[in-house]
Amino acid sequence: MNPSLSGLRCIRCASLWPPADYPEGCPSCLEAGHPASLECLYESSAAQTMPVPVLGAVTLGEGDTPCLDAPALAQAEGVGQLWLKCESANPTGSHKDRMAAQLVSRARLAGATRVAAASSGNAGVSLAAYCAAARLEADIAITSNCPPLQREAMQRFGARLTAFEDSLSRWPHVEDLCRNHGAFAGTNYLNPPVGTHPYGVEGYKPIALELLETCGLPTDIVVPTARGDLLWGIFLGWQHLLQSGRIARLPRLHAVEPYARLSRARATGDARKIWDGVTDQYSIAGGTSTLQSLEALSRSGGTPVEVSDAAAAQAQQRLERMGLATELSSAAALAAVSRLRRSGLLDAESSVVLIVTSDGRRG
Ligand SMILES: [Zn+2]
């Protein structure tokens, strides 16, 4: 472990906790019925380029993904600059590998022999791969409509799969494995949900540094979002760069969602409700949101953006005509730019990064 990891702080009540595993987030807030993520604190963090909890983590070569300048798209959208951060270039084809590297490495250091998770897509495949690399067992709870290629990929990496009728019914199974059978939590299992294990989410922080080094400090970053691990992790990266004096302001982080969840949660200030909807944007589906998503939006000054399946499909075709394969939910980030431009939040001076979370190779 990183010897400078000094503790964790609740993002809701600011209580402090010693370094340990908190897959259910802040114990105090959980008891009060408000699941809330913890964020890692490091001693003399300013001196560190980008601190993460596990040093020398298991790796399959994740991170340092390409960031493509897309001037034609920028011109078409009426913004100053537009970049595509291609997280699809990670070893199993999605951003999840960054989290899996930290999380699975921590599981092994903590003495766990198995990781349990609820996922019917990229997270399950990524955790299965990193568990194989770390020689840990993986138990993945999937939904019965899990795409065959996702299911097959998890099985090829040796994961044990259990199928459930719907998304929410997977969580009690994972909860039982983690609380009663010694499994290490690879995803949330609470309802209402909390962010994934904070050590895993820290794995997304280097995205901020990679962006700063390749395209400078953008004004806006657009992130496809379900329960907000990626959104919050990228925020934590920029927050570190701000606190260590590398940048003078934060970029705004915007959350793309297929139907109103965060926008409604933001209006009430409560992320615990379920707002279900139907969508083909498989990787960001589901009716739940999290406090960490709301915090990433409010602390960075960003906004939720609803993108319909039709608008996402149109954006997907535009990207394909440029030679870029994207998952529908990743293409939704491009459609979100048009919406943000129309609402006046983006203009000709904006420099915008789209996080292309996956190429959809197993969709
Ligand atoms: Zn708390």
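Begin by selecting helix H8 (residues 206-215), which lies across S4, S5, strand S10 (220-224) and S13 and runs at about 135° to S5. Lying across is judged here by contact, meaning heavy atoms within 4.5 Å. Axes are lines fitted to C-alpha atoms, for helices over the stretch in contact, and angles run from 0 to 180 degrees between N-to-C directions. Helices (H or I, at least four residues) and strands (E, at least two) are DSSP runs, numbered from the N terminus.

This is a predicted model, in which local features need pLDDT of at least 70 and side-chain atom pairs count only at pLDDT 80 or more, while totals for chains, interfaces and linings use all residues. Residues are numbered from 1 along each chain as its sequence is written, and side-chain values use heavy atoms, with hydrogens and water left out.

**The six-stranded sheet**

Next, display the open sheet with the order S4-S5-S13-S10-S11-S12, whose six strands show mixed pairing. Two strands pair if DSSP finds at least two bridges between them. At the edges stand strand S4 (67-69) and strand S12 (304-306); each has a single partner strand, so one side of each is left without a neighbour in the sheet. On average, neighbouring strands of this sheet are turned by 25° against each other, direction ignored.

Within this sheet, select strand S5 (residues 81-86) and strand S13 (residues 351-356), which pair in the parallel sense over six bridges. Leucine 82 has valine 352 in S13 as its bridge partner.

**Serine 300**

Move to helix H11 (residues 291-300), where serine 300 lies. Serine 300 is buried, with a relative accessible area of 8%; buried means under 20%, exposed over 50%, and partly exposed in between (1.4 Å probe, protein chains only). A polar atom of the serine 300 side chain lies 2.8 Å from the backbone oxygen of alanine 296. Leaving aside neighbours within four places in sequence, serine 300 is in contact with Phe235, Pro251, Arg252 and Leu253.

**The four-stranded sheet**

Now select the open sheet of four strands in the order S8-S7-S6-S9, where the pairing is parallel. Its edge strands, S8 (160-164) and S9 (184-185), each pair on one side only. Strand S7 (residues 137-143) pairs with S8 in the parallel sense over five bridges, and isoleucine 142 stands opposite alanine 163 in S8. Helix H4 (residues 122-134) lies across strand S6 (114-118) and S7, at about 170° to S7.

**Serine 119**

In the loop between S6 and H4, select serine 119, which is buried with a relative accessible area of 6%. Its side chain has a polar atom 3.1 Å from the backbone nitrogen of glycine 121 and a polar atom 2.8 Å from the backbone nitrogen of glycine 124. Not counting residues up to four places away in sequence, serine 119 touches Gly124, Ile140, Ala141, Ile142, Met154 and Arg170.

**The zinc ion**

Finally, centre the view on the zinc ion, whose protein donors are Cys10 (SG), Cys13 (SG), Cys26 (SG) and Cys29 (SG), lying 2.2 to 2.4 Å from it. Donors are N, O and S atoms within 2.8 Å of the metal (3.2 Å for Na, K and Ca); water is not among the atoms, so sites may look incomplete. Along the chain, the zinc donors follow the spacing C-x2-C-x12-C-x2-C. The arrangement is tetrahedral because the four donor atoms subtend angles of 105 to 115°; four donors count as tetrahedral if all angles lie between 85 and 135 degrees. Cysteine 26 and cysteine 29 are buried.

Terms used:
Tetrahedral: all angles 85-135°; square planar, octahedral: opposite > 155°, others 65-115°. Polar contact = N/O pair within 3.5 Å; in protein donor to acceptor, adjacent residues only side chain to side chain.
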